[in-house]
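Please examine the sequence and the model shown here.

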Amino acid sequence: MDYSAHYGVIIHRDFVPLHVDDNFAQTFGFDSANDVLALSSVLDLIAPDSRDIAAHTYYALMSGIEKPQVRSYINHRLDGTPMQVLAVEHIVEWQGRNALQITIVDLSDVMLTRDRLAASEKRYRELVDGSVQGVLVHQHFKPLFCNQAYANILGFDSPEQVLALESIISVIHPDFQKQRITVTEVLDDHEGNKLAASPKTEIKCIKPNGEEVWVELIERNIEWEGQSASQVTLTDTTEQYLLKQQLQHQAEIDELTQILNRRAFSQKAEQIFANGGDPLSHFCVLFDIDDFKHINDCFGHQIGDEAICYLVNLFAANLPHDALFGRWGGEEFVILLSCYDINNAYNKCEALRHQLENHLFATEQHDIKLSVSLGLSPMIFKQDSISLSATINAADKALYQAKTQGKNQTVIANK
C-alpha cells in the first residue's frame, strides 16, 4: 500500500505556513504546496466551529502548557467539502525559532466506510465483523481448531492447512517465539481457570510465502474437549503498524540526510543514559563542514545539499554500529560515541576526518574537496546527572576552537 497518499506535513508558526509538502496540499484540494504557502493563515482550512479550539491548542503547545499529541479535527477541502483528519503534533525548530509541525492523516474514507457499515443491515454487519478476527485453539502449540479468518490472515488457503501443522510456532517470527512460549506456559499454570488471559499484544508472524504480517492478539486458557487448551483471537494490524512506522520515521528522521533530527537525537541520547548507559564511556562530537557557505555560493544550494548527503553517507558507513548520529542543524552534525576513553574517541574522530579528507566529492561538473572541524567532549555531569545540553555546549566551544586554529581538525573540550 502507498502510505504517501494517506498523510501530509505542514509546519506553521501562528498558523502562517512555513513548509508544506505536496501530499498535504493535495489532501486539501490544492494543486501544489506553493498554493498553501500563499495562504495568510491555514486556520481557514479548519472548520469554523473548531478554529477556537485549534488556536487555543496551538498557544498551549507553544507555551509548554500542553504536550504534543494526536488529535482529531474536522477540516475543509478547498471546495468546502468537510473531512475528518488525525493531526499528529511535534514542536520543531525552524530558522532558529520553535514552530508547530502537523502530520495530517486523512480519515475520511475510514469514517465513510464506518458510517456505511453502521447503516447496513445487522446480518451483513455480523458477517463482516465475524470475518475480521481469526480464532485458533491450540494445545502446546498443536492446532486443534481455527476459523477461515485465521487461515486468511496468516496466508493459508483453508483451516485444514493450519490444522495440518505440527506446531503453530512455525508461523510466529523468531523474535516473538520465546515470548509466546512463556505466555502459554503461564496460562497453563492457571489450568481450570477459564478467565486466565494474556494482555492484548502485537507480534509479527510469517506467512508460508515468507511475507511478514503484524497481528494483535489475546490468548486465554479454555477447556477443549475436557482438556486444558489455549484460545487465540487475533486481528491483522499490518497496515496500522506500517503507517505508525511511517509517521514515527517522519517525526524522527531528517528529510534530507535520513539520519536522526535534532529532537530525536536528544531524546535517544537521554534514553541511553536513562536505561543505564555508562556516561564515562560515552563522548559527544559536534562537527560541521568547513567553508560550507563558499560551496553554496560557488556551486549552488543543490550541490550544497548533495555535499551534505555525501558526507553523511561516508561517515555513517564508517561509524561504529552503536554510535548515535544526527543532524544538529544546517551543515552541523552531532555524534554520540561509545569508547573506552577520550583518546580512543579522538582517534575515531580523526579517522572520520581523514576518510573525508582523502576522498573527493565528485559532481557532474566539479570535484570538490571537503573537510570538517570537530569538537569532542566527554559527558558532563550537573547535580549528579548527565547534562546533554552542557556536553554539547562544551563540544560546540571545542568546535569553535578548531575553526579558529585553522579548521580541518579535532579539538578536545577543555584541553
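In this predicted model, the side chains of Q84 and S72 are joined by a polar contact of 2.3 Å. Q84 belongs to strand β4, which covers residues 82–94. Along the sequence, 23 residues separate Q84 from L107, yet their C-alpha atoms lie 5.3 Å apart in space.

Strand β4 also takes part in the lining of the largest pocket, to which it supplies at least two residues. The volume of this pocket is about 1200 Å³. Its lining comprises 28 residues, and those closest to the pocket centre are I11, V92, Q101, D254 and N261. Besides β4, the elements that each supply at least two lining residues are the strands β1 (7–13), β5 (97–106) and β12 (324–329), together with the helices α9 (238–252) and α10 (262–274). Sorted by class, the lining holds eleven polar, ten nonpolar and seven charged residues.

The bridge partner of I11 in β2 is H19. Strand β2 spans residues 16–20 and runs antiparallel to β1, with four bridges joining the two. Together β1 and β2 form a hairpin, and two residues lie between the strands. In that turn, D14 has a positive phi of about 55°.

How values were computed:
Residues numbered from 1 in each chain as written. Predicted model: local features only at pLDDT ≥ 70, side-chain atom pairs only at ≥ 80, totals over all residues. Heavy atoms only, no water. Polar contact = N/O pair within 3.5 Å; in protein donor to acceptor, adjacent residues only side chain to side chain. 1 Å grid on protein atoms, 1.4 Å probe; cavity = no way out; pocket = protein on both sides within 12 Å on 5 of 7 lines; lining within 4 Å. Points joined across faces, edges and corners; volume = space filled by probe spheres on them. Nonpolar A, V, L, I, M, F, W, Y, C, P; charged D, E, K, R; others polar. Pairing = 2+ DSSP bridges.
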